[in-house]
Structures are given as structure tokens and as C-alpha cells.
Amino acid sequence: MCGIFGYTGGKQAQNLVIQGLKHLEYRGYDSSGVAIQNGAKAIHFEKTQGKIRNLEEILKKHPLQGKTAIGHTRWATHGTPNDLNAHPHLDNHSQIAVVHNGIIENYFDLKQNLKKHGARFRSETDTEVIVHLVAKYYKGNLENAVRRALKDIRGTYAIAVICSKEPGKIVAARLDSPLVVGIGREENFLASDVSALLDHTDRVIYVENGEVITLSDRAVSITDLSGKPVKRVPVKIQWTITQAKKGGYPHFMIKEIFEQPEILTAILRERIQKSKIIFEELKISAAELKSVKRIVIIACGTAYHAGLVGKYILEEFTNIPVWVDTSSEFRYRDPKVGKGDLVIAISQSGETADTLAGIREAKMKKALTLTICNVLGSTMSREAKGVIYTHAGPEIAVASTKAYTAQLATLYLLGLYLGNFLKTLPEKRFHALVKELFRVPSMMQKVLDQYKKEEKDWAAKAHDFNKRYHAQLEKYYKADPEKRKRSPNGFFLYLGRGINYPNALEGALKLKEISYIPAEGYPAGEMKHGPIALIDENPWVICLAPQSKTYEKMISNIQEIKARGGMVIPVVTEGDKEIYKLKPFYTIEIPKVSEILSPLVAVLPLQLIAYCVAKEFGEDIDQPRNLAKSVTVE
Ligand code: AGP
């Protein structure tokens with residue numbers, strides 16, 4: 001939530017900051033702003049509501065000169081997303097400017113107190129107290145003033161501060177919100193995420209909780225909150241700038257969907273060597289794994305859906321019972337975990353506040369903790385006892401796609417690793433599964449190639465849906481204008497069974513996120529217990545029906561929907577003749593794959609359906625309204 005970027009060096013800073021913020025826009029896009037030092041008495045700044053392009057327009061007319069600057073892109077928590085609440089925030093004399101990602105919990109009391117001492121507040125944000133506190137404690141040394149101000153603050157933060165009296169200097173600090181320093185040549189950078197640094201450097205320092213950083217063009221100094229120096233060695237990042245660009249695709253989402261076969265191949269090649277599963281970074285010993293009696297998976301959103309698939313995989317391969325919980329439920333209900341439990345936290349970003357809190361809760365209760373996450377050096381990867389990186393590369397689109405299949409791949413590998421190690425998975429099955437896993441990327445590619453061939457057809461279907469959707473709404477309203485007050489009658493229903501039930505949830509989430517069309521994922525067997533009441537000729541009902549032990553049951557569900565006039569779109573195994581007898585509205589075929597591995601392939605059409613519909617509806621696919629890529633607030 002919120003992205004911050006800082007630059008100090010020999011170049012004009014404005015455009016570098018804007019470019020950095022654009023890489024971070026996925027973290028929030030309610031407003032943005034930039035503050036620049038230029039030798040004048042006061043800091044110069046511009047900020048505005050809406051996306052970064054709005055700020056760029058302003059800066060074209062009123063460019064800001066200067067070589068040290070901080071910038072911010074916001075996902076609103078306290079105060080509406082307007083110009084005044086946009087960051088940076090400045091003190092009474094505009095000599096100090098602050099950008100912040102996080103939440104200051106005691107801001108109300110601090111604000112009352114600061115007001116009494118003359119601070120003039122211009123916004124409704126919690127952040128503004130930081131700048132007035134720094135100003136209050138400023139006695140000619142910005143670093144000391146920031147350190148002192150942080151003592152008064154309760155909450156989470158990644159902040160960057162500049163002061164007109166200390167040219168060329170940025171002071172930053174972090175507590176539970178991510179912050180990375182980029183080391184350049186005679187220039188240094190700060191960002192919420194490494195993807196914003198890739199244009200400039202591959203040498204970074206991940207700032208730890210409780211650290212205060214002072215950047216100038218030639219130096220980076222790190223101290224703790226008491227001022228004691230901290231020694232840190234920069235690490236080299238493997239992600240490349242090409243990975244973080246659209247590369248000819250119209251949206252990051254479709255680029256990331258198409259990257260999936262390649263990513264899966266890379267993951268398998270890295271992790272499977274001479275028929276052995278290798279997790280070099282795991283940091284959990286064999287003895288610790290042997291003592292595991294129960295596995296608890298915690299995660300949010302898409303990662304939670306991956307966790308639900310993980311339950312099927314891990315229970316089948318290891319015989320260990322698996323529980324799955326959304327992190328926000330887990331952390332607030334005094335979960336009964338402890339010794340003998342392995343708590344696995346799944347997260348793309350490794351920064352999601354609820355999942356992080358879940359890890360802390362589990363650690364406190366003496367459970368063994370492991371995180372499966374994508375971002376190297378993220379907070380979860382450092383706080384959990386063990387880590388397995390998913391290596392999906394930077395995921396920029398807010399709607400997660402490649403991170404999901406990389407999480408699934410990692411769960412399969414973990415299941416195989418544990419099953420083999422605990423001897424719960426027969427050798428023969430282990431080898432057969434490894435062999436088939438290596439064939440999955442080409443199956444995925446086949447689905448994507450087929451989509452490419454039928455792209456126009458998919459677009460036409462999405463257009464048809466759009467027409468029906470709006471025609472239906474009109475008919476509905478005309479018949480009874482009072483109904484305008486109620487919710488519209490167009491939606492999607494996603495049905496799945498067994499290991500593909502979580503995929504139904506994921507398909508519905510993808511559509512909701514980027515097209516704002518109501519969508520629900522349901523276990524198909526539950527249809528008759530309620531959702532069947534919704535069926536008429538309107539909803540698109542996406543039925544996940546690849547060959548499986550419940551295929552026949554799924555066919556019965558489809559018949560029930562057809563009998564009520566429903567528009568069925570089944571996802572079936574190629575060569576399925578039965579399905580066409582039911583005259584579905586549109587059929588999507590996927591290659592033949594064993595049931596246990598099928599989620600990896602079956603989710604692709606769902607990602608593509610969401611993409612096509614959002615495109616037809618003209619929505620902002622990569623940056624849907626109200627969302628942020630990583631949710632670092634509770
Ligand atoms: C997925 O499309 C979402 N944008 C969202 O549900 C996401 O999966 C969730 O916020 C969890 O994020 P994480 O994986 O970074 O922890």
C-alpha cells in the first residue's frame with residue numbers, strides 16, 4: 001500500500017522520481033506527489049489526486065529543478081484521496097517534507113498535542129504528524145530529528161524525509177513497511193520495492209525494521225534507532241528490467257499470463273535435479289520436518305486459493321492433515337497452533353500485513369514457520385523460520401496470475417519433497433509425477449496458443465456478454481424502475497469440484513477484481529443448496545469439468561443449469577465428446593492431465609476469461625479501482 005521513491009545524485013531528480021513512482025503505481029494510485037530540494041529556503045513540491053499521469057501533466061507546466069527528491073504514490077487509508085491528502089506533507093515553513101507508507105496508530109493524540117504547539121495541519125492524514133514531529137525536534141541535524149520523532153510514533157512506516165537546510169540528504173526509516181536502498185555510482189536511490197530500482201542498479205540493501213538510513217550521492221549510512229551504526233553488505237538482485245516491462249503486450253496482466261509456461265519450466269529445472277527435489281534456501285532441518293504432525297496454511301486472496309489447492313496436494317502426498325485459513329481470520333482468533341505444527345504462509349509480496357502477523361502469532365506459539373513467497377528479502381522471508389522462493393519474477397499487474405501458478409508449482413514440489421522424505425509417497429508415483437510435471441508447461445502453452453488462435457472468438461463472446469448484460473439491465477429496469485435501487489441481474493458463477501474448486505474461487509476473484517462484475521466461486525456440489533436459485537438465462541456459468549473422479553457429477557450439475565436456461569461455459573479435457581451433447585454456450589478444451597496436476601492448466605482459461613471481459617468492458621486492467629498490489633495495512 002503506497003509506494004515511495006527517493007533519489008539523490010548528480011542528475012535532475014524530477015523525472016527519475018516520476019519514473020520510479022510509475023513502477024510502484026501498482027501499490028496504490030489514489031494520488032501522487034513529489035518534493036524537491038533546490039537550494040532555496042523552502043522545499044518545492046507538487047501533488048495531485050489520481051494517477052501519476054495527472055502529476056506528470058502538472059510537472060510539464062511547472063517543472064521542479066533539483067537533484068535530491070522524494071516521491072509518493074498513495075493508496076488512501078486516512079482521509080479521502082484528494083490533493084490535500086496526497087503526499088508529500090510539509091511542516092509550517094515548508095522546510096521539511098515527508099512521504100510515508102504505513103499507518104500511524106496514535107496520530108490523533110499526537111495531532112492534538114502538536115496543534116497546541118503551533119503545528120498547522122493541512123490534511124486529514126495520519127502521515128502529517130510525522131513532518132510536524134520532525135520539525136519540532138529539528139535542531140540542525142535531520143537524522144537526529146527523525147530518530148527522535150520515531151520514538152513518539154506507534155504504528156507502521158517506511159518514510160523518506162528531506163530538509164531544505166541539508167542539501168543532498170535523504171533520511172529514511174522503516175518499521176513493518178518495505179523499503180529498499182539502491183546503490184548507484186555517485187547517486188543513491190530508495191524505493192518500496194526493487195522493481196523501481198531495476199532501471200538504475202542491481203545492488204540493493206533491504207532496510208530492516210528499526211533502521212534509519214541517511215543517503216547522499218556518495219554515501220549510505222545505516223544506524224539503529226539509538227544511533228548505533230549497523231553494518232550491511234549490499235546484495236545483487238537477479239530480476240531484470242525487461243521482466244518489469246510490458247514487452248509489447250498491451251497489459252502486464254496478459255504478459256504475465258503468457259509467461260507462465262516459461263516460469264514453470266524454470267522452477268522445475270531449478271528445483272528438480274537428478275530426480276531429487278532441492279530447496280537450497282529452506283533452512284528447516286530434517287528432524288524438524290519429521291516432527292510435523294499438522295500443517296496449517298495461511299494466506300490472503302489468490303495466495304489463499306493456492307493454499308486451498310495445497311491442502312489437496314499435501315494431504316495426498318504426505319498423509320499429514322492440512323488446515324487452510326485466511327490470514328486475517330487466523331491471526332484474530334487465538335489459533336490453536338504450537339509445537340508439532342508447520343505453519344506455511346503463502347504470499348507473492350511477502351509483505352501482506354495479515355499474513356505477516358499470522359507468522360508472528362505462529363512463532364510466538366512455538367509452531368514451525370515457513371513462507372512460500374516471491375519477493376526476495378521480503379519481510380516474511382526474513383521472519384519465518386524457513387523460506388521457499390517461488391521465482392515468478394516481478395508481478396506488476398494487480399491481479400495475480402503467474403504468482404498463483406508459481407505458488408502451485410512450489411506446493412507440488414514441497415508435497416513431492418515431503419512425501420519422498422517421509423516415505424508416504426511411493427517411489428513409482430513420485431517419479432511419474434515428476435515426469436508429468438515437466439510436461440505441464442507445454443500443456444499450458446497449448447492452452448495459450450489455442451487462445452491466440454481463437455482470440456477474436458473470445459473477444460466476440462465477451463462482446464456478446466457485454467451486450468446481453470446491458471440489454472438485460474435495461475429490460476430489468478424498464479419492467480420495474482424501482483429495481484434500479486437493487487443490484488443488477490448479470491453475474492458470473494464459477495463451479496468446480498475437488499482440487500479444482502479453489503480454481504473456481506480464483507476465477508471468480510480474477511473477474512471481480514478487474515471487471516467489477518459480480519462473480520461467485522462455488523463447489524459444484526453445493527449448487528442445489530442455494531446458488532441454483534440464481535440461474536436463469538443471464539449468468540455465465542463457468543464449469544471446471546476436466547476428467548476427474550467427479551466428472552460425472554459435474555456433468556449432472558451442468559445438466560441442472562441447462563435445464564434452467566443457464567449459459568454454460570465448460571472447461572473440459574480435449575477429446576471430451578459428452579460435453580457437446582449438452583450444447584454449451586462455449587466450450588474450452590485443455591490438454592489431458594492427471595487430476596492432481598490439473599489446477600495448473602485449468603486456471604489459465606479462467607485468467608483469460610477475466611482478461612477478455614475486462615478488456616471488452618474497457619476497464620483499467622493492470623490497476624483496478626480501490627485495489628493495491630500488496631496490502632501492508634490490516
Ligand atoms: C490477487 O489477484 C489479489 N490482487 C490479492 O488477492 C492478493 O493475492 C492478496 O492481496 C495477497 O497478496 P500477497 O500474495 O502479496 O500476500
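The largest pocket in this predicted model has a volume of about 550 Å³. Of the 27 residues that line the largest pocket, Cys300, Gly301, Thr302, Lys629 and Val631 are the closest to its centre.

**The largest pocket**
- Four helices and strands each supply at least two residues of the lining: α9 (301–318), β19 (341–347), α11 (353–364) and α15 (501–515).
- If you sort the lining residues of the largest pocket by class, you get 12 nonpolar, 10 polar and five charged.
- Domain 2 (252–438) and domain 3 (451–616) each contribute at least three residues to the lining of the largest pocket.

**The cavities**
- How many cavities of 30 Å³ or more does the structure hold? There are five of them.
- Tyr26, Arg27, Asp193, Ser349 and Val375 are the closest to the centre of the largest cavity, out of 25 residues that line it.
- The lining of the largest cavity is made up of 11 nonpolar, seven polar and seven charged residues.
- Where does the largest cavity lie? Its lining takes residues from both domain 1 (3–244) and domain 2 (252–438), so the largest cavity lies between these domains.

**A pair of packed helices**
- To describe two packed helices, we give the angle between their axes and the distance between the axes.
- For helix α3 (residues 107–116) and helix α4 (residues 128–137), the angle is about 45 degrees and the axes are 10 Å apart.
- Angles from 65 to 115 degrees count as roughly perpendicular and those under 35 degrees as roughly parallel, and α3 and α4 are therefore oblique to each other.
- The crossing in which α3 passes α4 is left-handed.

**Two backbone details**
- Here is some background: most peptide bonds are trans, and most residues other than glycine have a negative phi.
- Is the peptide bond from His87 to Pro88 cis or trans? This bond is cis, and its omega is near 5 degrees.
- You can find Pro88 in the loop between β4 (68–74) and β5 (89–90).
- His391 is a residue other than glycine with a positive phi, near 50 degrees.
- Look for His391 in the loop that runs between β21 (386–389) and α13 (402–421).

Terms used
Residues are numbered from 1 along each chain as its sequence is written. This is a predicted model: local features need pLDDT of at least 70, side-chain atom pairs count only at pLDDT 80 or more; totals for chains, interfaces and linings use all residues. Side-chain values use heavy atoms; hydrogens and water are left out. On a 1 Å grid over the protein atoms alone, a cavity is a set of points where a 1.4 Å probe fits but cannot get out, and a pocket is an open set with protein on both sides within 12 Å along at least five of seven lines; lining residues have an atom within 4 Å of a point. Grid points are joined across faces, edges and corners, and a volume is the space filled by probe spheres set on the points. Ala, Val, Leu, Ile, Met, Phe, Trp, Tyr, Cys and Pro count as nonpolar, Asp, Glu, Lys and Arg as charged, and the others, Gly among them, as polar. Domain bounds come from an automatic or database domain assignment. Axes are lines fitted to C-alpha atoms, for helices over the stretch in contact, and angles run from 0 to 180 degrees between N-to-C directions. Angles under 35 degrees count as roughly parallel, over 145 as roughly antiparallel, 65 to 115 as roughly perpendicular and the rest as oblique. A crossing is left-handed if the near helix is turned anticlockwise from the far one by less than a right angle, and right-handed if clockwise.
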